[in-house]
Amino acid sequence: MYSPDADGLLAEQLLRLTRRLHRSQKRQLESADIAITPAQSRLLRTVAHYDAPPRMADLAARLEVVPRAVTSLVDGLEASGRVRRVPDPANRRVVRIELTDVGRDTLRQLRTARRAAAEDILAPLTAEQREVLGGLLSALVDARPERHC
């Protein structure tokens with residue numbers, strides 16, 4: 001029988017699992033000697049999803065943060081050689097953010113660390129259980145939030 005407390009328990013379990021996944025990924029990155037913050041990692045992945053180097057405003061909108069936050073993240077990634085600022089060929093006042101070879105290599109290392117962390121977390125599950133979990137998580141991620149009036 002379903003109880004209202006079940007949702008609270010599920011939420012707590014999801015939070016604990018997420019924390020465990022983050023800690024495992026952090027350990028993987030540290031063992032590979034990759035110094036990058038989660039926010040920088042997210043920005044790097046976001047830049048990689050564009051076909052052409054995005055503008056800072058595009059990144060801020062996609063990440064749902066203020067432009068100043070993107071500037072700080074880009075500053076750190078640029079200092080580590082992972083991205084570079086390039087002028088827009090059509091409007092030199094516009095700055096675009098481009099991945100460097102170091103940035104692409106970092107993305108590969110991040111993917112490897114994420115896969116290793118996921119394997120660590122998912123190790124107790126069978127292939128069938130992983131498939132079911134994947135379907136359930138997709139249903140949650142893809143769900144449209146309802147508007148309550």
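This is a short talk on the fold, the surface and a few residues of one protein model.

First, the ground rules. The model is predicted, so local features need pLDDT of at least 70 and side-chain atom pairs count only at pLDDT 80 or more, while totals for chains, interfaces and linings use all residues. Residues are numbered from 1 along each chain as its sequence is written, and side-chain values use heavy atoms, with hydrogens and water left out.

Let me start with the fold. The protein has 6 helices and 2 strands. Helices here are DSSP runs of H or I with at least four residues, strands are runs of E with at least two, and both are numbered from the N terminus. In sequence order the pattern is α-α-α-α-β-β-α-α.

Now the overall dimensions. The C-alpha trace spans about 65 × 45 × 25 Å along its principal axes. The radius of gyration is 19 Å, whereas a compact globule of 149 residues would have one near 15 Å. That radius is taken over C-alpha atoms, and the globule rule is 2.2 Å times the number of residues to the power 0.38. Of the 149 residues, 23% are buried. Buried means under 20% relative accessible area, exposed means over 50%, and partly exposed lies in between, with a 1.4 Å probe and protein chains only.

Next, helix α1. Arg 20 lies in this helix, which covers residues 4-31. Arg 20 counts as partly exposed because its relative accessible area is 40%. Leu 9 is also placed in helix α1, and Leu 9 is exposed, at 52%.

On to the surface patches. Which residues gather in the patch of positive charge? They are Arg 16, Arg 19, Arg 20, Arg 23 and Arg 27. A patch takes residues with over 30% relative accessible area and no salt bridge, joining like charges within 9 Å and nonpolar side chains (Val, Leu, Ile, Met, Phe, Trp, Tyr) within 5 Å. A salt bridge is a side-chain nitrogen of Lys or Arg within 4 Å of a carboxyl oxygen of Asp or Glu.

There is a nonpolar patch as well, of about 270 Å², made by Leu 14, Leu 137 and Leu 140. Leu 140 sits in helix α6, residues 127-142, and is exposed at 58%.

Last, Gln 109, in helix α5, residues 101-122. Gln 109 is partly exposed, with a relative accessible area of 29%. Gln 109 and Ile 34 are 75 residues apart in sequence, yet 8.2 Å apart in space, C-alpha to C-alpha.

How values were computed. Accessible areas come from the Shrake-Rupley method with a 1.4 Å probe; for residues, only the protein chains shown count as cover. Lys and Arg count as positive and Asp and Glu as negative; His and the chain ends are not counted. The place of a charge is taken as NZ of Lys, CZ of Arg, CG of Asp or CD of Glu.
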